[in-house]
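User: Please show me the sequence and the structure. Then I will ask about them piece by piece.

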Amino acid sequence: MQKLNSSKYVRRGKCIRCGSCCRNILLYIEDEAIRTINQFEKVKEWDKHFTNFYVSGKNETGALLFTCKEIDKNNRCKVYFFRGVGCRMYPRVNSKFLINGGKPLDTCGYYFEIDKKFRTYLNKF
Ligand code: SF4
Ligand code: SF4
């Protein structure tokens, strides 16, 4: 169970190695999805973990989609013990994201729940 960044939600479930969080994903600079190769080149200079990715498509809004070079054909991470913080935390409990309707990817084995203690607190009103 993970309970970071939120006292209201908990993460449950487990990774079933679907590989979806490593393929055709959006990458962000601050809160904006990367849309151009130029942005991508800049972000790679700031953070070497971005060099693991290559452009694998574009979504319907024009944002670039990226796939990690480290995922193998069996959906195993080739650098599992050295993977970045973003990979370790996925899917991260984040109240703002959840309140805005965010959820893990459809094929993901994780899900979020309202924390029992918080639900008890809500039921008092
Ligand atoms: S480093 Fe590993 S866990 Fe992170 S995106 Fe690449 S394959 Fe996935
Ligand atoms: S999307 Fe979820 S289940 Fe699929 S590989 Fe990523 S963490 Fe594991």
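User: Between which elements does the loop with Arg83 lie?
Analyst: This is a predicted model, in which local features need pLDDT of at least 70, side-chain atom pairs count only at pLDDT 80 or more, and totals for chains, interfaces and linings use all residues. Residues are numbered from 1 along each chain as its sequence is written, chains are lettered from A and ligands numbered from 1 in the order written, and side-chain values use heavy atoms, without hydrogens and water. Elements are DSSP runs numbered from the N terminus: helices (H or I) have at least four residues, strands (E) at least two. Arg83 lies in the loop between E5 and helix H2 (85-89).

User: Which side chain of opposite charge is nearest to Arg83?
Analyst: Arg83 is buried, yet has no salt bridge. Buried means under 20% relative accessible area, exposed over 50%, and partly exposed in between (1.4 Å probe, protein chains only). A salt bridge needs a side-chain nitrogen of Lys or Arg within 4 Å of a carboxyl oxygen of Asp or Glu. With Lys and Arg counted as positive, Asp and Glu as negative, and His and the chain ends not counted, the nearest side chain of opposite charge is 12 Å away: Glu70.

User: Which backbone oxygen does the side chain of Arg83 reach?
Analyst: Arg83 touches Cys77 and Arg88, leaving out residues up to four places away in sequence. Touching is a contact, with heavy atoms within 4.5 Å. At 2.7 Å, its side chain also reaches the backbone oxygen of Tyr80.

User: What pattern does the protein chain follow along the sequence?
Analyst: The protein chain has four helices and six strands. Read along the sequence, they give β-β-β-α-β-β-α-α-β-α.

User: In which helix do Lys44 and Glu41 lie?
Analyst: Lys44 forms a salt bridge with Glu41, with the closest N and O atoms 3.3 Å apart. Lys44 is partly exposed, as its relative accessibility is 21%, and Glu41 is partly exposed at 37%. The two are three residues apart, about one turn of their helix, H1.

User: How far apart in space are Lys8 and Ile114, C-alpha to C-alpha?
Analyst: Lys8 lies in the segment before E1 and is partly exposed, at 30% relative accessibility. In sequence, Lys8 and Ile114 are 106 residues apart. In space, their C-alpha separation is 5.7 Å.

User: What is the omega of the peptide bond from Tyr90 to Pro91?
Analyst: Most residues other than glycine have a negative phi, and most peptide bonds are trans. Pro91 sits in the loop between H2 and helix H3 (95-99). The bond from Tyr90 to Pro91 is cis, with omega near -15 degrees.

User: What is the phi of Asn24?
Analyst: Arg17 lies in the loop between E1 and strand E2 (28-29), and its phi is positive, near 55 degrees. Asn24 is also found in the loop between E1 and E2. Asn24 counts as partly exposed because its relative accessible area is 43%. Its phi is positive too, in a residue other than glycine: near 50 degrees.

User: What share of the 125 residues in the protein chain is buried?
Analyst: Among contacts between residues at least 6 apart in sequence, 55% join residues at least 24 apart. Of the 125 residues in the protein chain, the buried share is 29%.

Methods
A polar contact is a pair of N or O atoms within 3.5 Å; within protein, one must be able to donate a hydrogen and the other to accept it, and residues adjacent in sequence count only if both atoms are side-chain atoms.
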